Amino acid sequence: MEKYYITTAIDYVNAKPHIGHAYEKMAADVLARYHRLLGKDVFFVTGLDEHGSKIEKAAKQAGIEPQKFCDQMAEEFKKAWKALDISYDYFIRTTEKRHYKASQEIFARLQAKGDIYKSSYTGLYCEGCEDFIRERDLDENGNCPTHKTKPRSLSEENYFFKLSKYKSAIKEWLQSNKDILQPESRRKQVLNQLDDPELGDFSVTRSRTSLNWGVPVPGDDNQVIYVWLDALTNYITAVGFPDDKVMLEKYWPADLHLIGKDITKFHSIYWPAMLMSAELALPKHIYGHGFITVEGQKISKSLGNVIDPLALANEYGADAVRFFLFSCTSFDQDGDFSKEEMIRKVNADLANNLGNLLNRTLTLVDKNCDGLVPEAITNETLLDQAKATQIAVIEHMSNLDFSRTLESIISLIDKTNKYLNDERPWDSFKKGKTQEGQIVLYTVLEVLRQSAILIQPFVPNIANDIWNQLGFDKSLTELVSTKEMDKQLDPTYRIKPGQKTNRQGPVFMRIEEQVLSS
């Protein structure tokens, strides 16, 4: 069975999750669900980065030990991801014992290769980036352009990794296949960074005098392994490194590292260099997505524009949040979040369009066919359009073009609504033209079956509800988990005549109605 190993960036636990964190996890979930539909052995990993000065500081401010603080925050993240129906297979935390072992093993391998050395360094350090920053890269106010905070001067003796040794090999790797790093704008940016002579060796440890909360350096208890070696190693910890060689061989290399655009350098330069040194395979694909903004500004606690994804899911439902974020924004670009626009969009597409089509059709089936899928031929013109939609979805999903994927599906629903309105099967039944009416209803039911499958990765609850109302015994989720989707994905398969439908009313109530009825 073909495998698909997908990872997200692991989030800092110095604060509760916000919509920006959730955006990436939902995107990874969409991809995981999509590849499960295709019958692949999917392993989807997300989790938390629990070491570093920011966590140490946040725990101190909370008046508790760092580990207890991390444990509390981990529950907050898990609660939010559950509410958003994020179906991860493993939730990794960098405070796990197995991860300590993996990080120390990677450090030891790099050291044995002669790629780690001890040296002193003085430079400007940004707490937000957890990296040194050049003076020329500061904004006009002397701040980090990403975090809008002033970096501090830092001088320490640390262990450094010989990035300079691997720069040409990384460049050759990125140039060998344009699909390794996408979108193309990020790939060009990274290639330009590799040409910069100032991009050189980097620190992989911190002195315990400045940071105590981290993985101890093997053989030197005065140093702790620093974030970019510690955190990036999570991707191999999750698949068994270094002890479970069977699992590691099965899932590594990762098929996709899904990350925010601000950490592309670390994943496509630092991480591959360390993997080369450790003689481990490189990831197959890396994708640096855009940010979710609020009124054009990056989400930030200091700006007071943090949006709680758990509260959103509880108020509007996970499907509404998921559908809006991926239908209105190109994944490679920044996209603005607005509650008003979300309500407008999901009411139009999920309630008025998709939900109304299902409800109208099943009402007609109940009235004219005793609730049974009629025995009828299909309108091949509309089903050809459904087939074209499937082809478009496959193409768009391969490019992580979520907005065009949903646009294609909703366009098919638009055409099907138009077909139902134009053919007016209710009139056919009134006039005794039963066969004509049955052809229309059967065709619409079949399009709804196909549409439920196509849209399931984005709105799993709505898709399962449609599936149930169409009269299938097992939910879509059950069919996927038991690897029984082959028949449903067969292009020759059609919904069975005589199947008892199960009309239950709207699969998505208009949001105003939800609020009024709550």
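Analyst: Let's start at Pro183, which lies in the loop between strand E8 (181-182) and helix H6 (184-194); helices here are DSSP runs of H or I with at least four residues, strands are E runs of at least two, and both are numbered from the N terminus. The peptide bond joining Gln182 to Pro183 is cis, with omega about -5°. Pro242 sits in the loop between helix H8 (234-237) and helix H9 (245-251).

Before going on, some ground rules: this is a predicted model, where local features need pLDDT of at least 70, side-chain atom pairs count only at pLDDT 80 or more, and totals for chains, interfaces and linings use all residues. Residues are numbered from 1 along each chain as its sequence is written, and side-chain values use heavy atoms, with hydrogens and water left out.

Why look at these spots at all? Most residues other than glycine have a negative phi, and most peptide bonds are trans.

Now for phi. Leu400 is in the loop between helix H14 (380-398) and helix H15 (402-423), and its phi is near 55°, a positive value in a non-glycine residue. Leu400 has 10% relative accessibility, so it counts as buried (under 20% relative accessible area; exposed is over 50%, partly exposed in between, with a 1.4 Å probe and protein chains only). At the other end of H15, Arg424 lies in the loop between H15 and helix H16 (425-430). Arg424 also has a positive phi, near 45°, but at 38% relative accessibility it counts as partly exposed.

The structure holds 25 aromatic pairs, where rings of Phe, Tyr and Trp (its six-membered ring) pair if their centres lie within 6.5 Å; planes under 30 degrees apart are stacked, over 60 edge-to-face, and the rest tilted. One of them joins Trp252 and Trp271: the ring centres are 6.2 Å apart and the planes at 75°, so the pair is edge-to-face. This pair links distant parts of the chain, 19 residues apart: Trp252 is in the loop between H9 and strand E13 (256-260), while Trp271 is in helix H10 (residues 264-278). Both tryptophans, Trp252 and Trp271, are buried.
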